[in-house]
Amino acid sequence: MKTLYNDANWSAYTNDIVKLKEAINCSLKVITAWDHDKLVGLIRAVGDGKTIIYIQDILVLKAYQNNGIGSHLLELLLSRYKDVRQKVLLTNDAVDVRAFYQKHGFSSCDKGDLVSFAKFD
C-alpha cells in the first residue's frame with residue numbers, strides 16, 4: 001500500500017503509515033486492483049453509505065494508468081452506492097483529472113449552482 005501512495009507522491013499519507021492503515025480500515029468501502037500479488041490500484045470511500053459518500057482516494061500506479069483500472073474501480077464503487085444521492089470528492093485541478101471525472105458524470109462545483117469549502121489543518 002505504501003508503494004501505491006508513494007507512486008502518487010502522496011507523502012502526507014505515507015509520512016504516517018500507521019494513520020493511513022487506520023484510515024483505510026475505518027473507510028466505508030475499499031476496492032483494490034491487483035496484478036497477481038502486486039497492488040496496482042485502490043479506491044476508498046467514507047460517509048454513511050445512505051445519503052452521502054465521499055471518494056477519499058483513487059490511485060493507480062503510474063505504470064498501470066490509462067488501462068481502464070481507475071475507471072473500473074470508480075464504476076464498481078458508484079454501482080455499489082447507486083442509490084446514494086450525494087457522491088463527492090476533492091481533487092487536484094488538472095485538465096486530465098477534470099476529464100476523468102466528467103467522463104464518469106461528475107460536475108465541478110465551479111461550473112454550476114454548488115459551492116465547495118475545505119479546511120485544511
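**A walk through the predicted model**

A polar contact of 2.7 Å joins the side chains of Arg44 and Asp57. A polar contact here is a pair of N or O atoms within 3.5 Å; within protein, one must be able to donate a hydrogen and the other to accept it, and residues adjacent in sequence count only if both atoms are side-chain atoms. This is a predicted model, so local features need pLDDT of at least 70 and side-chain atom pairs count only at pLDDT 80 or more, while totals for chains, interfaces and linings use all residues. Residues are numbered from 1 along each chain as its sequence is written, and side-chain values use heavy atoms, with hydrogens and water left out.

Stay with Arg44. It is found in strand β2, residues 38-47. Helices (H or I, at least four residues) and strands (E, at least two) are DSSP runs, numbered from the N terminus. Arg44 counts as buried because its relative accessibility is 4%. The classes are buried for under 20% relative accessible area, exposed for over 50%, and partly exposed in between, with a 1.4 Å probe and protein chains only. Contact means heavy atoms within 4.5 Å. Leaving aside neighbours within four places in sequence, the contacts of Arg44 include Tyr5, Tyr13, Ala23 and Ile24. Tyr54, Ile55, Gln56 and Asp57 are also among them.

Now the whole fold. The protein has five helices and four strands. Along the sequence they follow the pattern α-α-α-β-β-β-α-β-α. The radius of gyration is 14 Å, which agrees with the value near 14 Å for a compact globule of 121 residues. That radius is taken over C-alpha atoms, and the globule rule is 2.2 Å times the number of residues to the power 0.38. Taken along the principal axes, the C-alpha atoms fill a box of roughly 40 × 35 × 25 Å. Of the 121 residues, 31% count as buried. Among contacts with a separation of 6 or more, 50% come from residues 24 or more positions apart.

Next, the pockets. On a 1 Å grid over the protein atoms alone, a pocket is an open set of points where a 1.4 Å probe fits, with protein on both sides within 12 Å along at least five of seven lines; lining residues have an atom within 4 Å of a point. Grid points are joined across faces, edges and corners, and a volume is the space filled by probe spheres set on the points.

The largest pocket has a volume of about 1300 Å³. Of the 40 residues that line this pocket, Trp10, Ile58, Leu59, Thr91 and Tyr101 are the closest to its centre. Which elements each supply at least two residues of the lining? They are α2 (11-14), α3 (17-25), β3 (52-60), α4 (69-80) and α5 (95-103). The largest share, seven residues, comes from β3. By class, the lining has 19 nonpolar, eleven polar and ten charged residues. Ala, Val, Leu, Ile, Met, Phe, Trp, Tyr, Cys and Pro count as nonpolar, Asp, Glu, Lys and Arg as charged, and the others, Gly among them, as polar.

The second largest pocket holds about 820 Å³ of space. It is lined by 26 residues, with Leu89, Ser107, Ser108, Cys109 and Ser116 nearest its centre. β3, β4 (86-89) and α5 give two or more residues each to this lining. The lining divides into 13 nonpolar, eight polar and five charged residues.

Helix α5 also holds Arg98. Arg98 counts as partly exposed because its relative accessibility is 23%. Its side chain makes a polar contact of 3.2 Å with the side chain of Ser108. Not counting residues up to four places away in sequence, Arg98 touches Asp93, Ser108, Asp110 and Lys111.

Ser71 is in helix α4. Is Ser71 buried or exposed? Ser71 is buried, with a relative accessible area of 12%. Beyond its neighbours within four places, Ser71 is in contact with Phe100, Lys103 and His104.

Finish in the loops. Most residues other than glycine have a negative phi. Asn9 has a positive phi of about 60 degrees. It lies in the loop between α1 (2-7) and α2, and counts as exposed at 58% relative accessibility. Asn66 has a positive phi of about 65 degrees. Its place is in the loop between β3 and α4. Asn66 is exposed, with a relative accessible area of 80%.
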